[in-house]
Amino acid sequence: MNYNQLFINGKWTSPRKGNTFYSIDPSTEQVIAQVARAGLDDARLAVEAARAAFDNGSWCNLSGKQRAIFLRAFANEIRNRLAELSTLEVKDNGKPYAEAEWDVSDAAGCFEFYANLAESLDEHRETPLSLSDDRFECMIRKEPIGVACAIIPWNYPLLMAAWKVAPALAAGCTMILKPSEVTSLTAIELGRIADKIGLPCGVLNILTGYGHDIGSYLTDHPDIDKVAFTGSVPVGKQIMRSSAVNVKNISLELGGKSAFIIFDDSDIDAAVEWIMFGIFWNQGQVCSATSRVLVQEGIYPKLISRLVEESQKIHIGNGFEDGVKLGPLVNETQYKKVMAAVNQGVQDKVRLLIGGKRPNHLLQGYFIEPTIFVDVPENHPLWTDEIFGPVVSIRQFKSEHEAVKSANNSIFGLAGAVMSKDLACCHRVARQLRAGIVWINCSQPTFIEAPWGGCKQSGIGRELGIWGLENYLETKQITSYNAEKPWAWYIK
Ligand code: NAD
């Protein structure tokens, strides 16, 4: 497959230094593509192209309605290529095909959603604001921030790109997209789509390659006005430091260790279903995964035994096989990280009920069985640290107060979930959880209309919905003095 070119200023170009790297299928451990590795010269050209495309007004001076035509063309092309893009995502990331299809159609939906918002921006770009002094008139105007740089992770490759590219372009920004070096392929396909639909040159530039090669060049660069990052907490902190040099606008979507509180009156099967969806979907490589589960003591033994029973039935294998619900982890590094966390738990004698190893029937690929630890001490890394794999840690609790306190006892604050038949109790707990997203009687469903992001070390800002568009807009006030009487402070 040909992925050895970068998309800069509307043209496919080889990296200046000619460097490439390999993309590996995590199910087979085989090379599937040779990918362009951008260096500093390439990054410089991409910044110049995005800057020029913003400054010449070829994009930001279009009406929202005109930009929406391009955004809908992205959506249509993604839909037309659903099977092909889903196949690529399975090969590059390892996720089961049905999940990849879900991601790809969500990516199309994201472009459509922001096409609608781009259109409504035409009506709401300028709104009058009444002031307390009627000698003045004020108008509030929304303007694109300028050149944005999106740096994204590998767990939802195309979808994470859509979450940033679609609102940025809707707002009138130009963009440089840097996908994860682990999963570059669908980002390059997004470039091919931009090329096909005739997006003006320089509006979207795609730099595949490593964060350590070009990351800080981009986040430091004075010609980049906005950095939108999704990834790990350590890299988020680095980006925050590096963006400080030019006081850059940043938004950060970082990690999590989200808690799921399950009360005694819950239906056991529903609880088991959502616990599993909360930690085994996408192999547990989900920032909002409910990887800490708090179960009230009355149903603890029964719930645990049902969870073990159902988790053992999960079909593990290559994402293309029928019925597979758990694929491999994304690469060897992630496999080793997750296994190290599991082995630490075993060494510290935390109770491992099932999993924690490669399935016997799979000799190749970075597969790990669904893994369940119970009675995990609150200070153990299995309870406190993000593992980003199919590993769930469970504890029991007595009272609501104890559960909320334990859930909030974390450096993270991305998400949380609560389950009970008593909705008043669910809402009371939801209000007390220090998290950007709380699910009641479910875990993980995500909607384009609703804000996404966390508090504490889970990040800054919100994506999706109107908040996603606001990420790429500046708010300007234009205030005029309209009184006939002179101001007469100095000149009487
Ligand atoms: P990562 O932080 O290692 O990498 C993310 C991106 O940053 C990659 O594109 C990488 O090349 C780039 N990068 C690395 N060093 C950089 C630097 N110095 N400057 C600029 N860019 C640099 O994260 P990952 O391993 O790809 O993804 C997993 C993490 O992402 C997890 O912690 C997960 O929780 C988080 N995540 C969060 C959300 C969310 O919405 N909050 C969504 C998905 C993933």
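## Report on a predicted protein chain

Ala488 lies in the segment that follows strand E23 (473-481). The structure described here is a predicted model. Although Ala488 is not a glycine, its phi is positive, at about 55 degrees. With a relative accessible area of 29%, Ala488 counts as partly exposed.

A positive phi is also found at Leu464, again a residue other than glycine, with a value near 70 degrees. Leu464 sits in the loop that connects strand E22 (459-460) with helix H15 (465-470). Its relative accessibility is 1%, so Leu464 counts as buried, the limit for that class being under 20%.

| Residue | Phi | Relative accessibility |
|---|---|---|
| Leu464 | near 70 degrees | 1%, buried |
| Ala488 | about 55 degrees | 29%, partly exposed |

**The chain as a whole**

The protein chain contains 15 helices and 23 strands. Its radius of gyration is 24 Å, close to the 23 Å that the globule rule gives for 492 residues, so the chain is as compact as a globular protein of that length. The C-alpha trace spans about 80 × 55 × 40 Å along its principal axes. Of the 492 residues, 56% count as buried. Among contacts in the protein chain with a separation of 6 or more, 73% are made by residues 24 or more positions apart.

**The largest pocket**

The largest pocket holds about 1200 Å³ of space. Several elements each give two or more residues to its lining: helix H7 (211-220), strand E11 (226-230), helix H8 (233-244), helix H11 (332-347) and helix H12 (381-384). In total, 49 residues line the largest pocket, and those that lie nearest its centre are Trp154, Gly231, Ser232, Val235 and Lys337.

Both assigned domains take part in this lining: domain 1 (6-254 + 458-478) and domain 2 (259-440) each supply at least three residues. By class, the lining of the largest pocket comprises 23 nonpolar, 20 polar and six charged residues.

Note on methods. Residues are numbered from 1 along each chain as its sequence is written. This is a predicted model: local features need pLDDT of at least 70, side-chain atom pairs count only at pLDDT 80 or more; totals for chains, interfaces and linings use all residues. Side-chain values use heavy atoms; hydrogens and water are left out. On a 1 Å grid over the protein atoms alone, a cavity is a set of points where a 1.4 Å probe fits but cannot get out, and a pocket is an open set with protein on both sides within 12 Å along at least five of seven lines; lining residues have an atom within 4 Å of a point. Grid points are joined across faces, edges and corners, and a volume is the space filled by probe spheres set on the points. Helices (H or I, at least four residues) and strands (E, at least two) are DSSP runs, numbered from the N terminus. Ala, Val, Leu, Ile, Met, Phe, Trp, Tyr, Cys and Pro count as nonpolar, Asp, Glu, Lys and Arg as charged, and the others, Gly among them, as polar. Domain bounds come from an automatic or database domain assignment. The radius of gyration is taken over C-alpha atoms; the globule rule is 2.2 Å times the number of residues to the power 0.38. Buried means under 20% relative accessible area, exposed over 50%, partly exposed in between (1.4 Å probe, protein chains only). Contact means heavy atoms within 4.5 Å.
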